[in-house]
Amino acid sequence: MLNKFIFFLVAIFFATAILNAQTSTLSGYITDAETGEGLISANVYIQELETGTASNQYGFYSITVPKGKYTIRYSYTGYKNETLTIDLKYSVNSNVELTPASYEIDEVVVEGKQDDHNVKSTEMGTTEIVPKELQAIPVILGEADILKTLQLLPGISQAGDGNSGYYVRGGNIDQNLILLDEATVYNPSHLFGFFSVFNSDAIKNAKIIKGSMPAEYGGRISSVLDIKMKEGNNKQWRFTGGIGLISSRLSVEGPIVKDKSSFLISGRRTYADLFIPLAGDETLKDTKLYFYDLNLKANYKFSNSDKLYLSGYFGRDVLGYKNEFGFDWGNITGTLRWNHLFSEKLFSNTSFIVSDYNYVVSILSEENNFKVTSGIRDINFKSDFQYFFNSKNLLQFGVIGFYHIFLPGEIDSYGGSVNSFQVDNKYGLELAAYISHDVSLTHRLKINYGLRYSHYLNLGPGKVYTYDELNIPTSVIEYGSGDIISSYGGLEPRISTTYLLDETSSIKGSYARNFQYIHMLSTSTTSTPIDIWLPTTDIIKPEIANQVSLGYFKNFGNNTFESSVEIYYKNMQNQIEYENGADIYFNEYIESQLVFGKGYAYGIEFFFKKNIGNLTGWLSYTLSKTERKFPDINDGNPFSARQDRTHDFSITAIYKLSKWWTFSANWIYYTGDAVTFPSGKYSVDGNTLNLYTERNGYRMPAYHRLDLGVTMILRKRKDSEMSLTFSLYNAYSRKNAYTITFRESKSNPNYTEAVRLALFGVVPSITFNFSF
Amino acid sequence: MKKYIKIILANIFVISLFGCEDVIVVDLNSAAPRIVIEGEVTNNDTLTEVRITKSTDFYQPGIYKKVSGANIVITDNKGNSSTLTEVEDGIYQTDSIKGQPEKSYSITVKAEGKTYQAESTMPRQVNLDSLSIELAPSPPGGGEEEKNYFLHLYFQDPPDIDNYCRFKIFNNGEQLGGFYIYFDKFTNGNKIDYRLVLHAKPNNIKLGDSLMVELQSIDKASFDFYKTANSVNASRTGGRQNSSSVAPANPVTNWSNKALGVFTAYAVSRQSIEVEE
């Protein structure tokens, strides 16, 4: 099977090489004329040949065609087209700047011809979002949020009210890879998930891939969210910011050396705690509660073929009460990237990345005096190559390596009755290499196929325990530093194809196999800062998922409307759950607290979007089923996964009334989560205990919510803008259950009752945004 | 440690800011009544006792059917054995088995045609040295309604061994809801000042009341039962329940054959204190 695959690859490679005589290459960068930012997925179209290409994630493009004189059109949604006539006698470097379409509605130049990417590309289950699109969508407390917006797409559902976590096609929260400038973000939540860590002012582009990821991505079995930070304006200084009810933001960007080098600094901080003293409540006065984000980026262009980027993210939540208690957590990421052009056809990017997530709890009281820390840390190296063979063939290959350090928990005691304690750190090396080939076999048929090989080494120092049936450790083997304790690996084939039925519709199919070597389990329904990541060990096996999907894509009205239907089936092996009553914190023997099983998910997703006009928006609906089967849970019978949402519907509409006023609304409906409710009760030593009969046999009440927003532009000039955004979250104040608790009635303890906790009634907010 | 984490998670300020609670009616299935067996062997003057009841539906009043006519035998690891007598409906006792620390007890219950077995070992006794009580600072945002007391329990944790305890608290002789438990994982061998938070209102604690704490030294199986029972305990007044658990389940029990409840042999130490500001 594998041999055939490699043979196929080599054959295509040589076949295309023969056709390569007498050609020239047109290459260069496509950038925004006002900011100098590289444009991602901008289109290059050669009219005479009716062929084209798109820029990569750094704005670079390269296309090789027979020698000749051509009319080249460069285009990008929301920007004016640029058409050049180029005589390709020799290879030509052409850097192009595109100008954003003017603000006046009637002037907006949208030719739309290139907006059929959704139909023509081999990408499936993939959506790109640029923060500009976010601004009009109403969100809680006025914070435009990429993660919240993603949850409005089919196949992606929110993990709960105000939760930044999300489920993709029945996968768990930890099965989503979240990358910020290539660095893994381990906890995307602020304030227990009410906000995401992504400040939209600092973000250029976000792309989510729901499972059929190309070979360049790996390490998680459900999805990839690839977020790119802005590079910073290299033409002029620019200030952007906002003042909201809960937080304020400010970004500064500008050239260091004009057209060569630029920087961006973007910060955000909440200030709810600054208002606390005003509440007049003495007990609140000493409470600390805030979070902040800082995004930093700088780049330097040495030459047309060498560019260096440095980016970093620092964010932290801080909670505390007097000096007695402190709790803070956050992510740090850093990425150093080097873009290098070996030739006009071979683009490379090499990155050195660090990523860290940790939390610290400190208790300082008369009885106890200690500090708790836990987290995960990565050092990551990757190198990616893109070989733009000709207009029909693109070859990509690369390697990636992670050194993971897991810090399950450490207690430092400074006196009092608690002892210092440490669960040993764990170490792992995760390696992968991939190659993929994107080929247009005919005008109608495109294939992207690839192969990824990944390998995980569980490294010493470390102890390996064996357990008896009662989970009591029976023996231990100690490994020294650098010893290989266990190792796993596997091939991950990926393929996706597109067949164009006509110029506006296509059928796509894909298959992907993914391995996941690090795992996070949550005991709670909300994402909490103390959720812990676990490595693959000799007991915890790598999670493996296979997904097939098939889709029909159709655009109408000259790409004014796009629509798609996709079906998918996914099976997941080596899934992990805690066993009943698991003791998970600071447990040296954590592996004895886990049970393993499998899962499967299937569904159909409908998507309909209007791209152009005064009224834009989209509608998405997913019908799906997600089940799990564990020998040790529910007597071995299959049970619905918590995230099994039969129906998941959302509609988002944005109406631009005039240059000054924009109205927006979204409505969400989904089937309540599958949950475990009691089917009875009994008494033990005077306490009433709830009786459970099966896992996830009940449903939370259906969730639905309407949000409304209005944006009023106060001032709009070419280089400055001010606006006010009003929003109403949960406009009809639906009491969506966050939790349902079963407890004794306060008024009559002889009876028990179900108590619903709803987090939000209607939440109004106002935000002032500016840029100049 | 875990206690603190729970406090944090439970008192997320956002919840207190926006959250609202109300009682709803949930359509719950009715479950076939299941047998609940509670057995206790102690080293004080209370008799060895076993109580057998049945579970009931969630929306029924808290009256539990008693199971009569069971045959119950308790044997210690020295081979002494005794059959319990039914003293009233569903309550069985014996005075010939007296609990002693570091002895193991096994029990066989035959009821309604089924046999249930369990084992428990009474650990060495941990002595409760003294108590103290103070008014807790009001929690952020809380008023008079939310008045809390800190009840401090002072004892010496025996070194070298794992110690598990349950604290049973009585206010003027009436038992408070909830299972308060302790494990010396992070505090082995230390002088312990264990602080319990008692909510004044739900526990009906007033000035001048007499609080009695019974420290029960229990084995690991009993500890695991109380720990897992706490997350499904409808009577818990000790604070917000761990209701957001992904998958609540019946507690881990030492009974065979799917009986609910626990069989525990424990050593007892008691102290009392009067509630003052």
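Predicted model: local features only at pLDDT ≥ 70, side-chain atom pairs only at ≥ 80, totals over all residues.
Start with B:Lys258, which sits in the loop between helix 3 (220-230) and strand 17 (263-274) of chain B. B:Lys258 has 11 C-beta neighbours inside 10 Å and therefore counts as exposed. Its phi is positive, about 60 degrees, although B:Lys258 is not a glycine.

A:Glu182 is another non-glycine residue with a positive phi, here about 75 degrees. You will find A:Glu182 in the loop between strand 12 and strand 13 of chain A. Is A:Glu182 buried or exposed? With 23 C-beta neighbours inside 10 Å, A:Glu182 counts as buried.

| Residue | Phi | C-beta neighbours inside 10 Å | Class |
|---|---|---|---|
| A:Glu182 | about 75 degrees | 23 | buried |
| B:Lys258 | about 60 degrees | 11 | exposed |

One more backbone feature is worth a look in chain A. The peptide bond joining A:Gly460 and A:Pro461 is cis, with omega at about 5 degrees. A:Pro461 belongs to the loop between strand 29 (445-459) and strand 30 (462-467) of chain A.

**The domains of chain A**

Chain A is divided into domain 1 (2-111), domain 2 (126-225) and domain 3 (226-771). The centres of domain 2 and domain 3 of chain A, taken over C-alpha atoms, are 6 Å apart. Their contact involves 64 residues from domain 2 of chain A and 108 residues from domain 3 of chain A.

Several strands of chain A supply at least two residues each to the side of domain 2 that touches domain 3, among them strand 12 (176-180), strand 16 (203-209) and strand 17 (223-229). Which strand gives the most to that side? Strand 16 of chain A does, with 5 residues. By type, the residues on this side of domain 2 of chain A divide into 31 nonpolar, 22 polar and 11 charged.

In chain A, 5 strands form an open sheet with mixed pairing, in the order 9-16-17-12-13. Strand 9 (126-129) and strand 13 of chain A are the edge strands, each pairing on one side only. Inside the sheet, strand 16 and strand 17 of chain A run antiparallel and are joined by 6 bridges.

**Chain B in brief**

Chain B contains 3 helices and 17 strands. Of its 277 residues, 35% are buried. Among contacts in chain B between residues at least 6 apart in sequence, 68% join residues at least 24 apart.

**Confidence**

Chain A has a mean pLDDT of 86, and 91% of its residues reach 70 or more. Over residues 103-114 of chain A, pLDDT stays under 50, and the model has 17 contacts beyond four places in sequence for this stretch.

Terms used:
Residues numbered from 1 in each chain as written. Chains lettered and ligands numbered in written order. Domains from an automatic or database assignment. Contact = placed C-beta atoms within 7 Å. Helix = DSSP H or I, 4+ residues; strand = E, 2+ residues; numbered from the N terminus. Nonpolar A, V, L, I, M, F, W, Y, C, P; charged D, E, K, R; others polar. Buried ≥ 20, exposed ≤ 12 C-beta atoms within 10 Å, placed from the backbone. Pairing = 2+ DSSP bridges. pLDDT = per-residue confidence, 0-100.
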